[in-house]
Amino acid sequence: MDKKMNHSLLTFYRSLLHGLFLNKKRHRLIIFKSVIVTIIFIFPTLCNGSDQKPDTLKQLIEMYDPTGCRECHEEIYAQWQNSHHSRSITGIFMERYLKKGPLSVKSPKEATKKNFPCFKCHLPQLEKATDTVAAEIAAVFLNNDRTTMKQLNISCMVCHQDKGIVHGLPEKNVMYGPKAEKEYPEEEHMRVKKSPIMKRSVMCGQCHGLGPNLEFEHPIQCATLYGSYLHAYIPAGGSNTCQECHMKKADHTCPPNFNDRKEVSERLRQALPLEVDTLSYRFQPFEKIFVSTIVVKTKVTSKAGHRIPDG
Amino acid sequence: MPHSTDSLDKTMVYGPDKKLGIIRDTSIQPFAPKEELFEIKVPEPIKKVNVEVNFSYQLRPGDTYPIHRIVKKISIEAPQPE
């Protein structure tokens with residue numbers, strides 16, 4: 001329950017107690033009303049979980065903390081830690097945009113969610129939080145608090161809950177996976193339902209870019225990868241999904257990992273084969289004038305599902 | 001790479017807070033081979049040349065990922081005119 005609702009309830013119960021002592025004639029009616037009100041407020045909370053938006057950065061971090069998943073999903077967790085999803089807000093120069101330009105603020109306290117359109121993809125869970133949290137995040141960037149930055153990322157619940165459904169809204173207290181799982185005891189694990197999009201490119205396309213994001217007051221444009229996939233790769237006859245190339249055997253590293261330079265070079269080598277043909281001859285521009293000439297022809301072909309490079 | 005502008009004029013810009021469209025795209029596209037031709041004049045009397053082709057991905061200036069390195073040994077031979 002949010003703070004306003006809590007305050008309303010407290011006010012109501014104070015007036016209830018006041019009525020019990022001073023107005024005995026209305027005693028039974030007041031008790032009846034209080035029972036009804038309590039049921040109305042508490043019952044939905046028990047069934048559907050709290051609708052309260054995280055009001056502090058600490059609450060937001062705890063809501064999306066992936067360490068609880070590690071106990072049973074150790075290998076996937078280790079893969080994820082090596083992925084760019086685990087460091088989605090470091091290295092994006094957010095502090096520069098907060099200092100200068102249309103997204104800048106004079107102090108962190110001024111920041112609201114509107115100052116972070118980039119987080120539509122780099123930290124989508126901020127949408128669930130209040131502007132107070134946005135102000136705290138501004139302070140994190142402007143103070144270069146890298147410890148806290150590392151706790152803000154695309155963690156398990158972002159994909160396996162928030163982004164698990166595109167037709168309609170995700171259900172509360174439900175996780176989504178490539179298949180439905182057996183029922184777990186409630187205290188151990190949320191119910192897992194099958195997501196119809198988990199293995200489809202649209203799953204990745206929710207964040208990996210169609211082009212300009214025109215819904216913001218200050219539009220932004222970052223990756224256009226999914227747009228390239230839809231409008232260049234598919235029309236040219238491509239048929240692989242993002243996952244088939246970037247999550248083979250459910251590898252949650254989701255390569256490329258640009259911190260692994262050898263892996264990136266090898267991946268690009270496979271994706272962009274190069275042919276080199278040469279011709280050498282003596283060119284004669286005028287009689288008795290000879291110029292030795294070499295002609296080098298290069299041909300690069302792309303096997304990737306999108307333009308390279310993108311961004 | 002995509003050459004993006006802020007859609008207010010024809011100047012290329014950097015930064016997601018400024019980009020709002022693509023005016024030109026020199027990226028390597030899926031299933032669309034890119035060919036280039038290089039002509040190199042070789043001064044006399046050089047007869048043998050090593051041609052080295054390096055293909056790399058530059059993330060940022062100074063931050064380069066090597067992709068291909070192909071070396072070809074070429075002999076420039078042609079009958080001399082009488």
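This section describes the fold content of chain A and several local backbone features of chains A and B. The model is predicted.

Chain A contains 14 helices and four strands. Its length is 311 residues, and buried residues account for 24% of them. Contacts in chain A were also sorted by sequence separation. Of those between residues at least 6 apart, 54% link residues at least 24 apart.

Asp131(A) lies in helix α8 of chain A, which covers residues 131–142. Asp131(A) has 15 C-beta neighbours inside 10 Å. Once neighbours within four places in sequence are set aside, Asp131(A) makes contact with Thr112(A) and Lys113(A). A further pairing involves Asp55(A). The C-alpha atoms of Asp131(A) and Asp55(A) are 8.1 Å apart, while 76 residues separate the two along the chain.

The peptide bond from Pro255(A) to Pro256(A) is cis. Its omega is near 15°. Cys254(A) is also placed in the loop between α13 and α14. Cys254(A) is not a glycine, yet its phi is positive, near 45°. Around Cys254(A), 18 other C-beta atoms fall within 10 Å, so the residue is partly exposed.

Chain B shows the two kinds of feature in separate loops. A cis peptide bond connects Glu44(B) to Pro45(B), with omega about 0°. Pro45(B) belongs to the loop between β3 (34–42) and β4 (48–60) of chain B. Ser7(B) is a residue other than glycine with a positive phi, about 65°. Ser7(B) occurs in the loop between β1 (2–4) and β2 (22–25) of chain B. Ser7(B) is classed as partly exposed because it has 16 C-beta neighbours inside 10 Å.

Taken by feature, cis peptide bonds are found from Pro255(A) to Pro256(A) and between Glu44(B) and Pro45(B).

Terms used
Residues numbered from 1 in each chain as written. Chains lettered and ligands numbered in written order. Predicted model: local features only at pLDDT ≥ 70, side-chain atom pairs only at ≥ 80, totals over all residues. Buried ≥ 20, exposed ≤ 12 C-beta atoms within 10 Å, placed from the backbone. Contact = placed C-beta atoms within 7 Å.
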